Amino acid sequence: MCRAINAAMESSSSIRIGVVGYGHLGKFLAEKILRDGPALGLTLAFVWNRNSDKLKGLVPAELVLSDLQSFADRRCDVIVEVCHPQIVKEFGLKFLAQAHFMVGSPSALSNPDLNEKLRQAAQKYGRTVYVPSGALWGGQDIQRMNDSGTLKALFIRMSKHPSCFRLTGDILSDWTEGEGRRILFSGSVAELCSLAPNNVNTMAAAAVAGGALGFTGVQGEIVSDTALSDFHVVEVEVTGPDGFSVNTVRRNPARLGAVTGSATYNSFWNSLLVCKGHGGKFYLC
């Protein structure tokens with residue numbers, strides 16, 4: 001990462017970044033680029049939000065993009081999506097025709113047709129689809145095992161307070177404070193991505209890292225636990241050959257109701273710092 005930062009500082013031209021989405025994470029990234037970006041060779045090209053009124057007084061008027069269809073006018077080097085999987089579906093191919101693309105909602109990649117089309121577009125245009133590690137611990141190690149053919153199984157469990165989940169349907173509509181631990185779903189990450197598209201991006205990143213297993217082969221579990229009022233818990237179980245295994249537990253501080261844990265913000269920022277172009281492929285960062 002230091003090499004990437006130094007390269008940016010030595011470059012005569014800044015890397016122009018567009019931010020799509022201005023929730024908590026998008027706001028954090030936009031402010032960080034404005035404040036710290038110039039010293040690192042980064043420039044904020046635009047910020048788009050579904051409700052542009054939310055940007056008034058927070059983002060310089062000249063950086064507000066009102067119509068996402070006109071993103072190409074801003075001549076970005078990297079476009080960062082931190083909005084919703086639907087944006088990846090609607091604009092991913094268009095973004096790649098113009099810039100490298102950082103997918104902050106990688107649950108969208110569980111759609112095999114979209115996944116393949118994005119890979120083809122990355123190769124066609126010589127762009128990189130970046131998938132941030134987010135709350136995934138050891139993603140690069142998982143990717144190395146996958147690339148060497150030694151990854152045999154991968155399981156991720158995410159446990160959160162029920163107020164932190166954003167699920168489709170009414171699977172958690174009846175929760176009550178003090179009820180304790182409840183397993184909401186256990187199965188393939190492909191199935192989980194449709195159930196909880198805003199909550200399982202860590203699992204989706206793991207499925208990208210473990211590409212040989214893919215979204216159907218990587219297994220996941222989401223757990224509601226009313227005792228987890230101060231943090232999210234991510235457990236990863238990696239299985240290799242001849243009895244090899246690694247188990248990790250990550251506790252990510254988080255407020256009640258927060259979809260994203262606090263440590264994940266800096267993780268996204270660190271991922272952004274390596275988005276310098278790695279050819280036509282998917283890249284876990």
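Student: Is R75 buried or exposed?

Tutor: R75 counts as exposed, at 58% relative accessibility. The cut-offs are these: buried is under 20% relative accessible area, exposed is over 50%, and partly exposed is in between (1.4 Å probe, protein chains only). Before going on, note that this is a predicted model, where local features need pLDDT of at least 70, side-chain atom pairs count only at pLDDT 80 or more, and totals for chains, interfaces and linings use all residues. Residues are numbered from 1 along each chain as its sequence is written, and side-chain values use heavy atoms, with hydrogens and water left out.

Student: Where does R75 sit, and what is its phi?

Tutor: Start with the general idea. Most residues other than glycine have a negative phi. R75 is not a glycine, yet its phi is positive, about 50°. It sits in the loop between β2 and β3. Helices (H or I, at least four residues) and strands (E, at least two) are DSSP runs, numbered from the N terminus.

Student: What is the phi of D242, and where is that residue?

Tutor: D242 is a residue other than glycine with a positive phi, near 55°. Its loop lies between β9 (231-239) and β10 (245-253). D242 counts as exposed, at 84% relative accessibility.

Student: How many helices and strands does the chain have?

Tutor: The chain has 9 helices and 11 strands. Its radius of gyration is 19 Å, close to the 19 Å that the globule rule gives for 285 residues, so the chain is as compact as a globular protein of that length. That radius is taken over C-alpha atoms, and the rule is 2.2 Å times the number of residues to the power 0.38. The C-alpha trace spans about 50 × 45 × 35 Å along its principal axes. Buried residues make up 52% of the 285 residues.

Student: Which residues have the most contacts inside the largest nonpolar core?

Tutor: First, the general idea. In soluble globular proteins, nonpolar side chains tend to be buried together. A nonpolar core here is a set of buried Ala, Val, Leu, Ile, Met, Phe, Trp, Tyr and Cys residues joined through side-chain atoms within 4.5 Å. The largest one has 57 residues, and F46, L68, F95, I156 and I222 have the most contacts inside it. Helix α7 (residues 201-209) gives the largest share of this core, 7 residues. A second, separate core has 29 residues, including I17, L29, I33 and L42.

Student: What is I156 in contact with?

Tutor: Contact means heavy atoms within 4.5 Å. Leave aside neighbours within four places in sequence. I156 is then in contact with several residues, among them M203, A206, V218 and V236.

Student: What does T202 touch?

Tutor: T202 lies in helix α7. It counts as buried, at 8% relative accessibility. Leaving aside neighbours within four places in sequence, T202 is in contact with A135, L136, M158 and V234.

Student: Which residues of helix α3 are buried?

Tutor: Here is the general idea. An α-helix has 3.6 residues a turn, so residues three or four places apart point the same way. In α3, the buried residues are P85, I87, V88, F91, G92, F95 and L96. They cover an arc of only 145° around the axis, which puts them on the same side of α3. The arc is that of the directions from the helix axis to the C-beta atoms. What covers these residues includes β1 (15-20), β2 (42-48) and α4 (112-125).

Student: Which residues are buried in α5, and which are exposed on its other face?

Tutor: In α5 (residues 139-148), G139, I142, Q143, M145 and N146 are buried. They fall within an arc of 160°, so they line one face of the helix. The face turned away from that buried side carries the exposed residues R144 and D147. Just after α5, G149 takes a positive phi of about 80°.

Student: How many disulfides are there?

Tutor: A disulfide is a covalent bond between the sulfur atoms of two cysteines. The rule used here is a pair of cysteine sulfur atoms within 2.5 Å. The count comes to 0.
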